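The following exercises concern local features of a protein model. Please work through each task before reading its solution.

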Amino acid sequence: MTKPSLPELLHAAVTAVGGTERPGQVSMAEAVAEAVDDNAHLLVQAGTGTGKSLGYLVPALAHGERVVVATATLALQRQLVERDLPRTVDALHPLLRRRPQFAMLKGRSNYLCLHRLHEGAPQDEEEGLFDQFEAAAPSSKLGQDLLRLRDWSDETETGDRDDLTPGVSDRAWSQISVSSRECLGATKCAYGAECFAEAARERAKLADVVVTNHALLAIDAIEGAPVLPKHEVLIVDEAHELVSRVTGVATGELTPGQVNRAVRRAAKLVNEKAADALLTASEGFERVMELALPGRLEEVPEDLGYALMALRDAARTVISALGGTRDKSVQDEDAVRKQAMASVESIHSVAERITQGSEYDVVWYERHDRFGASVRVAPLSVSGLLREKLFADRSVVLTSATLKLGGDFNGVGASLGLAPEGTAGDDIPQWKGLDVGSPFDYPKQGILYVARHLATPGREGSRTDMLDELSELVEAAGGRTLGLFSSMRAAQAAAEDLRGRQDKPVLLQGEETLGELIKNFAADPETCLFGTLSLWQGVDVPGPSCQLVVMDRIPFPRPDDPLMSARQKAVEEAGGNGFMAVAATHAALLMAQGAGRLVRAMGDKGVVAVLDPRLANARYGSYLRASLPDFWYTTDRNQARRSLAAIDVAAKAAQ
């Protein structure tokens, strides 16, 4: 039997999922197959509606080597494992004459821990040692969550938090889960043979396709100890998110509360001298943090430096002492010791990292209304780490609807540690960029309207002209509006203002769960939904409920964002344009994602309205506009309102 061609395989898979073949999907599949066969790297932009999941799954499955697919969102992981992969494997089986296996793999804390469930979480001293199920009043939300988790533990096959519906609070989940540092290890744990996390790892070792998330991919790259099974092909979907997810994993944090918990956990397990030293260091750190003001620390202040050195040294002493001491009053000593060790090691590593003062790290204070002050440390750039760890020894395909900024892939490539496309040289990963377009006819389906006549937004203060413009646009559209705001304060002010002017329902992020808000927004065309960051990327509402997408301003990073401003300064010191490389790239990615909320299906029509005149007037405006879908462009407010009114009339007639 002759080997089936890629078009044959793709046709079978698309038919199985009930989709439609798109030219862009075929181009993508061919490019992925070529990259995998040549052990090369590919950046591929595939617009909404292309069917990019099958565009990479089919050539990866046909290749036959083990593939890891890393995604940013839970929704896409579930879509791949519950829908796309089962149907694709079934469809390709007769043609490939084999049935590739697939599995999902996440970090250990995503799985229920049977040891902690049955033996109880080691409690901090001030709370006393107790069975968390007995202690939490059954009538309380926590108590109800814990009882539900105990019942669920008897029926779940995966122990995966995301398989529990409805979900539970982070506090409840923390009572029955452990981090990788707190885990006793399968050989030492009485429940090792039944462990859900270990079972997931075993399934991943046997699978041809392993679906994971960006965070686990980052841990695998950063920590040196392999978490993912060995693989020949890595596919990173939603790749525009990768740099921020890797940065998050590589960021360390210290808070007084975290240090106090470590002191309490270690106190019973070490000698008095070691415990007292950690307590004293903890109190010194807490005093310094009481006076901490938010902002970047170009140099570590003397008082913080002394406090961190004392913490580092005391933590090192406790880590050494934790090995030998035995206290007969401590129940389940192995688990208590492991939890204490994890807490103290975390403090030691962050304190040491900050006191060592690498020029490649950024240190800053943050202050949170609820949790108080913290000191944080993050890498100035993760591009070197990604170049070294991501692109060695395997073919890497990175894909997203938004990878091409300002007309090319080089901006995103640079953030991933890649030299400009086509740069030759030893030790320089070679890559190709491909834009397969979108099946949508953007110039006919959408309008990009920039409110050029408005005042340039300042850092603070009311924007009454913007609120007037917003109200007029919503009125013309008959509701149907997704409002994307640069801050929660701006979203709240706009929602309050519009509720006072019009009788259309306005949903506001934070007033209900995100899933519930999106469901209600989709159900009623007259409804508006306003919110901030997660709405710029997480809303998929085709049809008449979303025909106006409003951005209140260009979403540049805050000027006082310590990490972004440090990255901008570093680019400038190296002779580059820091604003374009950091702030404009950040804004372009978000705006491209936000504008992508408008057209989600072939029949969708509408307007993306940007209420910030800088998009039309500033020199960088053309770069940002080139990063957006190719909508018909206007600055004529009357044209925008007339178009919205016509779309509203057509939508009502079709109901």
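Helices (H or I, at least four residues) and strands (E, at least two) are DSSP runs, numbered from the N terminus. The model is predicted: local features need pLDDT of at least 70, side-chain atom pairs count only at pLDDT 80 or more, and totals for chains, interfaces and linings use all residues. Residues are numbered from 1 along each chain as its sequence is written, and side-chain values use heavy atoms, with hydrogens and water left out.

**Exercise 1.** Locate Arg97 and Arg480, and decide whether each is buried or exposed.

Solution. Most residues other than glycine have a negative phi, and most peptide bonds are trans. Arg97, which is not a glycine, has a positive phi of about 65°. Arg97 belongs to the loop between helix 4 (74-96) and strand 3 (102-104). Next, Arg480 has a positive phi of about 50° and lies in the loop between helix 19 (464-477) and strand 13 (481-484). Buried means under 20% relative accessible area, exposed over 50%, and partly exposed in between (1.4 Å probe, protein chains only). Arg97 has 63% relative accessibility and is therefore exposed; Arg480, at 2%, is buried.

**Exercise 2.** Describe how helix 12 and helix 13 pack.

Solution. Two packed helices are described by the angle between their axes and the distance between the axes. Axes are lines fitted to C-alpha atoms, for helices over the stretch in contact, and angles run from 0 to 180 degrees between N-to-C directions. For helix 12 (residues 256-267) and helix 13 (residues 272-290), the angle is about 170° and the axes are 10 Å apart. Angles under 35 degrees count as roughly parallel, over 145 as roughly antiparallel, 65 to 115 as roughly perpendicular and the rest as oblique. The two helices are therefore roughly antiparallel to each other.

**Exercise 3.** Classify the aromatic pair of Phe579 and Tyr620, and state which parts of the chain the pair ties together.

Solution. Rings of Phe, Tyr and Trp (its six-membered ring) pair if their centres lie within 6.5 Å; planes under 30 degrees apart count as stacked, over 60 as edge-to-face and the rest as tilted. The whole structure holds seven aromatic pairs. Phe579 is in helix 24 (residues 578-595) and Tyr620 in the loop between helix 25 (614-617) and helix 26 (621-626), so the pair ties together parts 41 residues apart in sequence. Finally, Phe579 is partly exposed at 26% relative accessibility, whereas Tyr620 is buried at 17%.
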